[in-house]
Amino acid sequence: MFQTLYSYFWWERLWLPANLTWADLEDRDGRVYAKASDLYITLPLAFLFLVVRHLFETYVATPLAGLLNVKEKVRLKATPNAVLEKFYAATSKHPKQADVEMLSKKSGCTVRQVERWFRRRRNQDRPSLLKKFREASWRFTFYLIAFIAGMAVIVDKPWFYDLREVWKGYPIQSVLPSQYWYYMIELSFYWSLLFSIASDVKRKDFKEQIIHHVATIILISFSWFANYVRAGTLIMALHDSSDYLLESAKMFNYAGWRNTCNNIFIVFAAVFIITRLVILPFWIMHCTMVYPLDLYPAFFGYYFFNFMMVVLQSLHIFWAYLIIRMAQKFITGKVVEDERSDREETDNSEEEEEVAKNGPLSNGHPVLNNNHRKTD
């Protein structure tokens with residue numbers, strides 16, 4: 001049965017245009033073609049990325065945070081209370097008013113003390129500023145290097161300047177070593193993001209992030225073994241062009257460099273909107289939807305690839321909406337914060353206690369909290 005399913009899955013009519021078979025893409029005469037088996041290496045590389053990330057965050061990002069004077073807010077811990085802790089862990093982190101009154105009677109605390117306990121307990125679970133800075137530093141480093149490498153891979157290719165060249169001779173297009181490694185490294189990195197998403201800083205768009213990572217992995221994988229490599233390299237470089245700007249803005253925000261953060265964010269917003277809402281749909285997606293039909297009839301692989309592109313574009317529109325809302329707040333002089341952030345909670349009684357114990361503390365929310373997009 002497994003062999004039957006395997007044969008159906010790799011049926012040429014699913015992945016290749018009519019009158020072509022996998023035999024047409026076998027290596028010959030010194031020309032190497034993309035093969036699905038090449039992707040096996042990305043899983044061990046993904047775990048290697050996780051190791052490298054741990055070392056980077058420990059020995060590079062943490063000392064850098066110290067140099068930039070990244071400071072943690074003083075958080076008051078919730079006093080141990082078995083009744084409240086059980087409700088917090090098993091029922092809800094945000095109890096309703098009726099629950100608060102019920103817990104007040106069970107725990108022997110006043111209603112205000114219960115409310116304060118839940119605020120402090122939720123704050124304890126929120127990621128520290130250092131964790132956010134380390135995560136942003138790692139992603140900034142990768143996205144910047146990936147963007148530079150991606151441009152080096154495609155800038156001298158004819159399809160970078162003429163998108164019709166993307167399909168010239170398709171699918172009999174050999175793969176260069178630079179394209180191979182660009183694909184393997186990008187795919188491995190997104191696998192590592194998917195593996196670590198549960199332990200990374202959680203955002204309000206957590207589900208959208210998972211959809212984005214899965215869609216990206218499927219797109220990269222499919223474009224490789226269906227030999228959409230030329231289009232794939234263009235798409236990956238286009239995405240990397242704005243991601244490193246967002247991560248650098250987060251880093252400067254955590255370091256307290258507000259003006260630098262705001263200026264970089266403006267540049268990021270402009271690059272994001274131009275690349276994801278203009279170039280991608282009107283150039284790249286036009287290239288993948290229209291030009292192939294001049295060469296061969298539409299087939300399953302054509303529909304599948306473009307469907308995944310539409311999914312990715314839908315996420316871009318969602319994130320662009322959040323970015324524009326942030327930009328509007330910035331332009332009108334309001335405090336700008338990431339619409340996806342999970343802000344830390346305070347109340348007047350806690351602020352008074354903190355001032356008494358620790359001196360004046362700043363309770364203003366930062367311009368950006370730590371979030372991804374490919375836009376994460």
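A: Start with how elements are named: helices and strands are DSSP runs, numbered from the N terminus. This is a predicted model.

Q: Is Ala-198 buried or exposed?
A: Over 50% relative accessible area counts as exposed. Ala-198 has a relative accessible area of 55%, so Ala-198 is exposed. The C-alpha atoms of Ala-198 and Ile-210 are separated by 9.9 Å. These two residues are 12 residues apart along the chain.

Q: How do I check the length of α8 against its end C-alpha atoms?
A: The expected span is 1.5 Å times one less than the number of residues. Helix α8 has 20 residues, 177-196, so it should span 28 Å. Its end C-alpha atoms are 29 Å apart, which agrees.

Q: Which residues in α8 are buried?
A: Buried means under 20% relative accessible area. In α8 the buried residues include Tyr-182, Tyr-183, Met-184, Leu-187, Phe-189, Tyr-190 and Leu-193. Gln-179, Glu-186 and Ser-188 are also among them.

Q: What do the buried residues of α8 pack against?
A: They pack against α3 (42-67), α7 (129-154), α9 (206-225) and α10 (229-254).

Q: How do α7 and α10 pack?
A: Read the angle and the axis distance together. For α7 and α10 the angle is about 150 degrees, with axes 7 Å apart. Angles over 145 degrees count as roughly antiparallel. The two helices, α7 and α10, are therefore roughly antiparallel. α7 passes α10 in a left-handed crossing. By class, the contact of α7 with α10 has 15 nonpolar, 4 polar and 6 charged residues.

Definitions and conventions:
Residues are numbered from 1 along each chain as its sequence is written. This is a predicted model: local features need pLDDT of at least 70, side-chain atom pairs count only at pLDDT 80 or more; totals for chains, interfaces and linings use all residues. Side-chain values use heavy atoms; hydrogens and water are left out. Helices (H or I, at least four residues) and strands (E, at least two) are DSSP runs, numbered from the N terminus. Buried means under 20% relative accessible area, exposed over 50%, partly exposed in between (1.4 Å probe, protein chains only). Contact means heavy atoms within 4.5 Å. Axes are lines fitted to C-alpha atoms, for helices over the stretch in contact, and angles run from 0 to 180 degrees between N-to-C directions. Angles under 35 degrees count as roughly parallel, over 145 as roughly antiparallel, 65 to 115 as roughly perpendicular and the rest as oblique. A crossing is left-handed if the near helix is turned anticlockwise from the far one by less than a right angle, and right-handed if clockwise. Ala, Val, Leu, Ile, Met, Phe, Trp, Tyr, Cys and Pro count as nonpolar, Asp, Glu, Lys and Arg as charged, and the others, Gly among them, as polar.
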